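Hello,

Here is the structure I promised to pass on. Please open it first, then read my notes below.

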Amino acid sequence: MSLLSTSSSAASSNPINMNKLLGKMFFFWLAVLAFFLCHSAAAEQTDFVGLRIFDDQFAVKKELAVTTNDFAGALRLILSDVDADKKKELVVGYGGPGDSVIKVFRYSGEVLAEWRPFAAGFNGEISLTAGDLNGDGKEEIIVGAGAGGGPHVRVFDGQGNVLPGGSFWAREKEYRSGLEVAVGDVNGDGKKEIIVASLDGKNSLIKFFDQTGKSVSKGFAVAMEENSLEPTRLAALDLGFDGIEEVLVAFGAGNEPKVQIYRQNGSVIKSFYAYQKAFGGGVNLIALKRKGQNMIITGAGYSGGPHVRFFDSFGQPFGPAGFFTYNAGMRGGVNVGYGDVDGDGTAELVTLPQRIDQSKKYYAKYIDVDISEQKLRYYLNGKLINTFLISSGLKSIPTPLGEFEIWQKSPRAYSNKYNLYMPWWMSFKPGYGLHELPEWSNGYKEGVNHLGQRVSHGCVRLGVGAAKTLYDWALIGTRVLIHE
């Protein structure tokens with residue numbers, strides 16, 4: 001039962017004294033606001049892009065170079081007390097290139113453990129969360145496979161050993177669109193459940209499991225924008241102080257930057273924007289209690305600056321309006337963590353870039369056409385989604401080079417000039433477009449054996465199937481970068 005519930009049918013048998021609770025919250029957040037106002041709203045502006053730890057005045061306390069500046073994969077961060085010493089270790093997930101790995105760091109920078117969470121050859125992004133699932137005082141590390149991998153969830157101790165029964169499939173084994181994971185006691189039984197989000201058509205499907213993969217609830221679906229290619233990020237927090245944790249979801253790239261709070265039955269408690277409505281790079285988040293009060297911390301996703309924001313459980317922001325944890329020009333997204341990592345009794349804010357992208361192509365979605373290779377690649381949040389062979393224009397009738405946007409789409413365009421159909425047409429410049437192999441009125445496909453060669457009259461041809469896949473993925477306004 002949530003503090004924010006207004007439904008009489010959902011009221012607890014032990015109602016919360018709202019006046020008393022709100023009065024306590026007022027004085028708490030007044031103190032927090034004063035705390036935030038006494039420090040700078042921006043971190044030291046250097047080119048450092050590794051892991052940053054901030055003290056209780058939000059000044060940079062320590063920096064750890066947990067990767068190199070040319071790392072081309074995806075990074076994740078959680079804080080977890082894996083050895084019950086009352087200090088949070090720094091757990092970093094490395095999603096490619098090469099096999100995806102997890103490293104556990106102490107505050108000193110010492111590597112406590114390192115392992116591959118999935119089979120050799122998997123180089124996708126990995127979702128991380130932590131919680132004490134077996135009551136031994138040590139937090140386990142729960143991992144979900146990202147896009148390209150199967151719907152595999154695994155539960156590890158702090159040394160990388162899989163817990164008994166701690167490996168299961170959260171969806172049908174053929175699913176390949178990635179998982180997001182969190183933990184929380186969503187049914188009030190005193191045990192942490194594993195919360196898993198996956199794509200299900202246009203929805204993010206939320207399911208609940210015990211540590212062995214047994215389903216403990218029906219779950220629910222969160223509606224997202226069309227063409228969303230990643231499930232929602234997750235967190236859990238007991239908003240009503242009743243022993244039942246609500247589920248927080250943060251929308252990914254291609255969606256408005258919303259955070260929504262749900263009960264286990266799928267009913268919405270609260271919805272708010274973490275960033276400006278027009279931002280479409282997605283939202284990273286954590287949720288926790290600080291001195292007995294609820295706090296939600298968000299980090300802007302890919303293509304946004306390293307902007308960290310703080311909200312109460314009503315979705316009301318507090319603290320600095322523009323706290324950037326790295327140079328504002330770093331737009332690879334930012335992961336956030338919060339906890340006592342050095343044992344001084346005070347929690348620290350910890351951040352890590354989501355991606356260290358040297359290409360500076362900071363678009364949430366874009367299409368890259370390499371004329372010299374005769375290949376088209378398309379990206380979401382800096383992640384390569386797929387690569388297709390193409391046919392571009394003849395050298396005498398070249399495909400135009402430069403940066404464009406898709407401004408027109410048609411499932412079956414017709415060319416009066418050439419008396420041909422061009423299925424799955426997407427124009428990036430008047431007279432030029434991306435489309436499937438041209439088709440004569442009798443159904444004959446032209447250029448089937450010419451993919452990989454410059455044979456068109458300036459357009460970019462794709463094969464059967466590839467063109468529709470790209471057409472369904474790309475929106476009006478999607479960037480198209482064409483180069484030699």
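Mean pLDDT for the chain is 88, and 89% of its residues reach 70 or more. Residues 1–22 fall below 50, with 31 contacts in the model beyond near neighbours in sequence. Residues 26–40 also stay under 50. Where pLDDT is low, the predicted coordinates should not be read in detail.

Now the sheet. Nine strands make an open sheet with mixed pairing. Their order is β28-β33-β25-β26-β27-β32-β31-β30-β29. β28 (402–405) and β29 (408–415) are the edge strands; each has a single partner, so one side of each has no neighbour in the sheet. From one strand to the next, the twist averages 30°. Inside that order, β27 (residues 383–391) pairs with β32 (residues 460–462), antiparallel, over two bridges. Ile-390 sits opposite Leu-462 in β32.

Next, the pockets. The largest holds about 1,000 Å³ of space. Its lining has 37 residues; Leu-79, Ala-130, Ile-286, Ala-287 and Leu-288 lie nearest the centre. β19 provides the largest share of that lining, six residues. By class, the lining has 19 nonpolar, seven polar and 11 charged residues.

The second largest pocket holds about 900 Å³. It is lined by 44 residues, and Ala-147, Arg-355, Lys-383, Leu-384 and Ile-385 lie nearest its centre. β27 gives the most here, with three residues. The classes are 17 nonpolar, 16 polar and 11 charged.

Best wishes

Technical notes: Residues are numbered from 1 along each chain as its sequence is written. This is a predicted model: local features need pLDDT of at least 70, side-chain atom pairs count only at pLDDT 80 or more; totals for chains, interfaces and linings use all residues. Side-chain values use heavy atoms; hydrogens and water are left out. pLDDT is the predictor's confidence in each residue, from 0 to 100. Contact means heavy atoms within 4.5 Å. Two strands pair if DSSP finds at least two bridges between them. Helices (H or I, at least four residues) and strands (E, at least two) are DSSP runs, numbered from the N terminus. Axes are lines fitted to C-alpha atoms, for helices over the stretch in contact, and angles run from 0 to 180 degrees between N-to-C directions. On a 1 Å grid over the protein atoms alone, a cavity is a set of points where a 1.4 Å probe fits but cannot get out, and a pocket is an open set with protein on both sides within 12 Å along at least five of seven lines; lining residues have an atom within 4 Å of a point. Grid points are joined across faces, edges and corners, and a volume is the space filled by probe spheres set on the points. Ala, Val, Leu, Ile, Met, Phe, Trp, Tyr, Cys and Pro count as nonpolar, Asp, Glu, Lys and Arg as charged, and the others, Gly among them, as polar.
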